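Student: I am new to this structure. Could we go through it by question and answer?

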Amino acid sequence: MDFSGFDIAIGALALLVLVLLIKGIRTIPQGYNYTVERFGRYTKTLSPGLNFIFPFIDRIGAKMNMMEQVLDVPSQEIITRDNAIVGVDGIAFFQILNAAQAAYQVSGLQNAILNLTMTNIRTVMGSMDLDELLSNRDAINERLLRVVDEAAHPWGIKITRVEMKDINPPANLIESMGRQMTAERNKRAQILAAEGLKQSQILEAEGRKEAAFRDAEARERSAEAEARATQVVSEAISKGDVQALNYFVALKYTEALGRIGTATNSKIVLMPFEASSLIGSLGGIGEIAKEVFRSEGTTGSQRQAARPPVVRPTDN
């Protein structure tokens, strides 16, 4: 089968169109942006999806990862404001926001971010004392993030996080800090013990004060009652009631005998002959009790219980 010149031209044209399509169609994966250069000059940025460029005129420049990326900051030694040498390492997170700026504003983007972060770590942490350095990690991270993000902004990237992973003081310094911590805790324990002893003594003194006040109040009430009883007896005597006097005297004798009988060092009690007066007093008590019980209509058993005990006096 013979092909004419026209058929050959049509076939060549179709082949050219196919090649142009293959060269001009670009599929960009999700999470990436590609820059396009025309004769070596940036023209546009291709977003994820199907895109078309002019073959043999345009070409793909930089393929930029637009996802958030992590950058490990290697360990380095810094000197704090109080001349302590500390080893630190960290981690930084960044994300490209403008592919063209990240591709053409800086050469070696990750290396630039790494060196920028390490330099600012030495600057920020070198301006702090060791104690402040160990206790203010959040403040250090926040300050580093602000400084590094501001410096990297012209590159079209966003520094999302800067974290210090490890802060390692020298071994001798760690030992000294341990001794200092132990001494501080012992000091606080002694202070707490002293405070507890103080409170205990205060409470004990307040208890003694309250007990003394209660004892004084009880003695005052007892004295008032005694005075009232004496007043009643005096009024009865003034009215000619001698039995009231006998009752009062006998009551005092009975209380004295009760105290003698309950003494732990006395088993046998010898009464003097003069104690016969006590018997007369007890007899007066019996007479008074009889009159009281008779007036109240008491039973015989109650009168029997009201009789005083018989005490036999002995000669001296």
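Tutor: Helices here are DSSP runs of H or I with at least four residues, numbered from the N terminus. The model is predicted.

Student: By about how much are Glu 210 and Arg 214 separated in helix α6?
Tutor: The two residues form a salt bridge, with their closest N and O atoms 2.9 Å apart. Glu 210 is partly exposed, at a relative accessible area of 37%. Both belong to helix α6, which covers residues 171-238, and they are four residues apart, so their separation is about one helical turn.

Student: How far apart are the closest N and O atoms of Arg 221 and Glu 217?
Tutor: These two are also in helix α6, and because they are four residues apart, about one helical turn separates them. Arg 221 counts as exposed at 52% relative accessibility, while Glu 217, at 28%, counts as partly exposed. They form a salt bridge, and the distance between the closest N and O atoms is 3.3 Å.

Student: Which residues do salt bridges with shared partners join into one network?
Tutor: Side chains of opposite charge can pair when their charged atoms come close. At 28% relative accessibility, Glu 217 is partly exposed. The network joined through shared partners consists of Arg 81, Asp 129 and Glu 132.

Student: How many residues apart in sequence are the parts tied together by Glu 132 and Arg 81?
Tutor: The side chains of Glu 132 and Arg 81 meet in a salt bridge, at 3.8 Å from N to O. Glu 132 lies in helix α4 and Arg 81 in the loop between β6 and β7, so the parts that this pair ties together are apart in sequence by 51 residues.

Student: How many salt bridges does the count come to?
Tutor: To be counted, a side-chain nitrogen of Lys or Arg must lie within 4 Å of a carboxyl oxygen of Asp or Glu. The pair Glu 132 and Arg 81, at 3.8 Å, is a salt bridge. By this rule, the number of salt bridges is 11.

Student: Is Asn 120 buried or exposed?
Tutor: Asn 120 is found in helix α3, and its side chain reaches the backbone oxygen of Leu 116 at 2.7 Å. Not counting residues up to four places away in sequence, Asn 120 touches Leu 144, Val 147 and Val 148. Buried means under 20% relative accessible area. At 11% relative accessibility, Asn 120 therefore counts as buried.

Student: Over how many bridges do β7 and β8 pair?
Tutor: In β8, the bridge partner of Gly 90 is Met 164. The two strands, β7 and β8, pair in the antiparallel sense, and the number of bridges is 10.

Student: Which residue in the turn of the β6 and β7 hairpin has a positive phi?
Tutor: β6 and β7 pair in the antiparallel sense over nine bridges, and Gln 69 stands opposite Phe 94 in β7. The hairpin has five residues between its strands. In that turn, the residue with a positive phi of about 65° is Asn 83.

Student: What is the relative accessibility of Phe 56?
Tutor: Phe 56 lies in the loop between β4 (49-52) and β5. Its phi is near 65°, a positive value in a residue other than glycine. Phe 56 counts as exposed because its relative accessibility is 62%.

Notes
Residues are numbered from 1 along each chain as its sequence is written. This is a predicted model: local features need pLDDT of at least 70, side-chain atom pairs count only at pLDDT 80 or more; totals for chains, interfaces and linings use all residues. Side-chain values use heavy atoms; hydrogens and water are left out. Buried means under 20% relative accessible area, exposed over 50%, partly exposed in between (1.4 Å probe, protein chains only). A polar contact is a pair of N or O atoms within 3.5 Å; within protein, one must be able to donate a hydrogen and the other to accept it, and residues adjacent in sequence count only if both atoms are side-chain atoms. Contact means heavy atoms within 4.5 Å. Two strands pair if DSSP finds at least two bridges between them.
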